[in-house]
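Hello,

Here is the structure we talked about. Please load it first, then read the notes below.

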Amino acid sequence: MELALQLHQSVSISDGAEKQFSSSNANTLTATMPVYTGGKNELTIENTENAYRSSQFNTVRTRENIKLSTIKAYYDVLEAQQTIAVDKESVDNYAAHLENVEQLYSAGSKAKVRSPSGGGPAF
């Protein structure tokens with residue numbers, strides 16, 4: 001599509017006895033569109049519409065990825081909290097076991113250890 005703007009101004013002054021003065025202005029705006037472009041304009045419009053739809057799909061995909069990342073992070077936190085609870089329980093169990101062993105040791109109990117020469121399995 002072509003767009004042309006033409007401005008024209010003319011002034012004429014007469015020095016004669018009549019002392020005439022005349023002025024004229026002319027403005028022209030012209031727009032032309034070729035009759036046949038070989039489908040170039042239609043393809044340009046179609047490409048622009050496709051780019052617009054693509055950007056809409058990219059926006060939806062980005063939103064969905066944000067939702068997925070948020071949900072995944074939430075479940076990762078829940079899993080980490082569960083792991084911490086299991087680890088704390090293990091620590092508490094080992095602490096209770098240590099306390100039991102210390103009480104048995106202070107009461108005079110000794111661990112039973114078999115010697116390798118005793119014929120039994122060695123630990």
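**Salt bridges**

Lys 72 and Asp 76 form a salt bridge, with their closest N and O atoms 3.1 Å apart. Bear in mind that this is a predicted model. The two residues sit four apart in helix H1, so about one helical turn separates Lys 72 from Asp 76. Asp 76 has 36% relative accessibility and therefore counts as partly exposed; the cut-offs here are under 20% for buried and over 50% for exposed.

How many salt bridges does a search of the whole structure find? Two. One joins Lys 72 to Asp 76. Another joins the side chains of Glu 64 and Lys 67, at 3.6 Å from N to O. Glu 64 and Lys 67 also lie in helix H1, three residues apart, again about one turn of the helix. Both ends of this bridge have computed accessibilities. Glu 64 comes to 44%, so it is partly exposed. Lys 67 comes to 48%, so it is partly exposed too. As background, side chains of opposite charge can pair when their charged atoms come close.

**Tyrosines and the nonpolar patch**

The whole-structure search finds one aromatic pair. The rings of Tyr 74 and Tyr 75 have centres 5.4 Å apart and planes at 75°, so the pair is edge-to-face. An angle over 60 degrees is what that label needs. Tyr 74 is in helix H1, which covers residues 40–106. Tyr 75 has 52% relative accessibility, so it counts as exposed.

Both tyrosines also belong to a nonpolar patch on the surface. Ile 71 and Leu 78 are its other members.

Is the length of H1 what its residue count predicts, or what else does one find? H1 has 67 residues, and at 1.5 Å a residue it should span 99 Å. Its end C-alpha atoms are 96 Å apart, which agrees. Just after H1, Gly 108 takes a positive phi of about 100°.

**The chain as a whole**

The secondary structure of the protein chain comes to one helix and two strands. Along the sequence, the pattern reads β-β-α.

What share of the 123 residues counts as buried? The figure is 0%. The chain exposes about 11700 Å². Carbon and sulfur atoms supply 57% of that area.

Contacts between residues 24 or more positions apart make up 32% of the chain's contacts with a separation of 6 or more.

Best wishes

Key:
Residues are numbered from 1 along each chain as its sequence is written. This is a predicted model: local features need pLDDT of at least 70, side-chain atom pairs count only at pLDDT 80 or more; totals for chains, interfaces and linings use all residues. Side-chain values use heavy atoms; hydrogens and water are left out. Patches are made of residues with over 30% relative accessible area and no salt bridge: like charges are joined within 9 Å, nonpolar side chains (Val, Leu, Ile, Met, Phe, Trp, Tyr) within 5 Å. Accessible areas come from the Shrake-Rupley method with a 1.4 Å probe; for residues, only the protein chains shown count as cover. A salt bridge is a side-chain nitrogen of Lys or Arg within 4 Å of a carboxyl oxygen of Asp or Glu. Buried means under 20% relative accessible area, exposed over 50%, partly exposed in between (1.4 Å probe, protein chains only). Rings of Phe, Tyr and Trp (its six-membered ring) pair if their centres lie within 6.5 Å; planes under 30 degrees apart count as stacked, over 60 as edge-to-face and the rest as tilted. The expected span of a helix is 1.5 Å times one less than its number of residues. Contact means heavy atoms within 4.5 Å.
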